[in-house]
Amino acid sequence: MRTSTGARVGQYAALLAYLVFLAFPFLWLISLAFKPPRELASLHPTWIPKNPTLDNFRQAFDEQPLLHAALNSLLAALGAALIAVVIATPMAYVMARRRGRLTQAATGWVVVSQAFPFVLLIIPLFLVLKNLGLINSVPGLVMVYVVWSLPFALWMLSGYVRAVPAELEEAAAVDGAGRLRTLVSVTAPLLAPGIVATALFAFITAWNEFFFALVLLKTPERQTLPVILTHFIGAEGVADLGPLAAAAFLATLPSLLVFALIQRRITGGMLAGAVKS
């Protein structure tokens with residue numbers, strides 16, 4: 001009993017330490033965003049600003065087109081999430097339900113493709129987009145994000161499809177439903193938590209992505225929010241810390257809010273009671 005209690009205390013302590021480790025950068029970012037210049041330059045920084053101010057936020061919006069960049073990021077993230085889910089759902093269904101060498105090879109390729117470095121992908125993607133005339137455009141960036149997020153979306157959705165009882169599809173087949181009708185009317189509603197989770201992953205990944213956007217988008221009116229944040233760093237590498245922290249804080253909020261709104265739907269038991277025991 002003492003051993004199990006000690007192990008549980010150790011687990012909670014490790015979890016608390018991990019949460020503190022994750023929360024520290026965000027909490028420090030919030031603190032910097034509301035500090036005036038004098039406190040930012042202080043040799044003895046404090047967690048809570050002594051004289052909180054919103055001047056950093058005003059200066060950030062005055063110096064850079066944050067709203068336009070946020071709109072570009074939103075269009076790219078939404079487009080990539082929707083297209084990736086629409087493509088991945090039927091492909092994941094086939095990979096999960098059809099057994100064979102082809103599906104095994106496809107699954108292996110999905111796993112291996114996650115190990116490819118960004119630098120290896122950017123050159124062929126850049127050449128393809130250049131031939132299509134999509135360099136320095138949000139649609140071109142959406143295509144890149146779809147290619148980038150599709151393998152992991154397939155892997156995630158395949159696991160969700162395998163969790164759907166095959167008895168439901170067999171019952172639909174007995175009633176005369178074809179494969180497409182079964183996928184749309186029976187399997188897809190039960191995959192709602194998985195589809196939402198996959199779309200959330202693709203959205204957050206595209207919203208926070210920096211490298212592809214930096215290479216493919218050249219003009220400020222096309223650049224996304226992560227790229228615009230680099231404009232707060234001067235030519236000599238000196239950062240305008242207050243406005244940068246304020247802009248970075250605002251850029252982080254959408255991902256947190258989206259996850260907070262739909263996390264119950266992700267963890268909800270949509271399959272409860274679907275099959276009679």
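**Helix packing and nonpolar cores in a predicted model**

User: Why are helix 6 and helix 7 oblique to each other?
Analyst: In this predicted model, helix 6 (residues 118-132) and helix 7 (residues 138-163) pack at an angle of about 140°, and their axes are 11 Å apart. Roughly perpendicular covers 65 to 115 degrees, while roughly antiparallel begins over 145. Helix 6 and helix 7 therefore count as oblique.

User: Which residues of helix 7 make the contact with helix 6?
Analyst: The crossing of helix 6 past helix 7 is right-handed. Helix 6 contributes Phe118, Leu125, Leu129 and Leu132, and the residues of helix 7 are Gly140, Met143, Val144 and Trp148.

User: Where is Asn136 placed?
Analyst: Asn136 has a phi near 60°, which is a positive value in a residue other than glycine. Its place is in the loop between helix 6 and helix 7.

User: Are helix 7 and helix 10 roughly parallel or roughly antiparallel to each other?
Analyst: Helix 7 and helix 10 pack at about 155°, with 10 Å between their axes. Angles over 145 degrees count as roughly antiparallel. The two helices, helix 7 and helix 10, are therefore roughly antiparallel.

User: How many residues in the contact of helix 7 with helix 10 are nonpolar?
Analyst: Helix 7 passes helix 10 in a right-handed crossing. On the side of helix 7 the contact includes Tyr145, Trp148 and Phe152, and on the side of helix 10 it includes Ile195, Phe201 and Ala206. Four residues of the contact are polar and none is charged, which leaves the nonpolar residues at twelve.

User: Why are helix 9 and helix 10 roughly perpendicular to each other?
Analyst: Helix 9 (residues 179-190) packs against helix 10 (residues 192-208) at an angle of about 65°, with their axes 4 Å apart. The range from 65 to 115 degrees counts as roughly perpendicular. Helix 9 and helix 10 are therefore roughly perpendicular.

User: Which residues of helix 10 meet helix 9?
Analyst: Helix 9 brings Ala188, Pro189 and Leu190 to this contact, and they meet Ala192, Pro193 and Ile195 of helix 10. Of the residues in the contact of helix 9 with helix 10, none is polar, none is charged, and the number of nonpolar ones is six.

User: How many residues are in the second, separate core?
Analyst: Among the members of the second core are Tyr93, Leu150, Val164 and Leu183. This core is separate and has 18 residues.

User: With which residues is Tyr145 in contact, leaving aside its neighbours within four places in sequence?
Analyst: Tyr145 is one of the residues with the most contacts inside the largest nonpolar core. Apart from neighbours within four places in sequence, the contacts of Tyr145 are Ala76, Ala80, Ala206, Glu209, Phe212 and Ala213.

User: What is the relative accessibility of Gly10?
Analyst: Gly10 lies in helix 1 (residues 2-33). Partly exposed residues fall between the buried limit, under 20%, and the exposed limit, over 50%. Gly10 therefore counts as partly exposed, at 37%.

Conventions. Residues are numbered from 1 along each chain as its sequence is written. This is a predicted model: local features need pLDDT of at least 70, side-chain atom pairs count only at pLDDT 80 or more; totals for chains, interfaces and linings use all residues. Side-chain values use heavy atoms; hydrogens and water are left out. Axes are lines fitted to C-alpha atoms, for helices over the stretch in contact, and angles run from 0 to 180 degrees between N-to-C directions. Angles under 35 degrees count as roughly parallel, over 145 as roughly antiparallel, 65 to 115 as roughly perpendicular and the rest as oblique. Contact means heavy atoms within 4.5 Å. Ala, Val, Leu, Ile, Met, Phe, Trp, Tyr, Cys and Pro count as nonpolar, Asp, Glu, Lys and Arg as charged, and the others, Gly among them, as polar. A nonpolar core is a set of buried Ala, Val, Leu, Ile, Met, Phe, Trp, Tyr and Cys residues joined through side-chain atoms within 4.5 Å. Buried means under 20% relative accessible area, exposed over 50%, partly exposed in between (1.4 Å probe, protein chains only). A crossing is left-handed if the near helix is turned anticlockwise from the far one by less than a right angle, and right-handed if clockwise.
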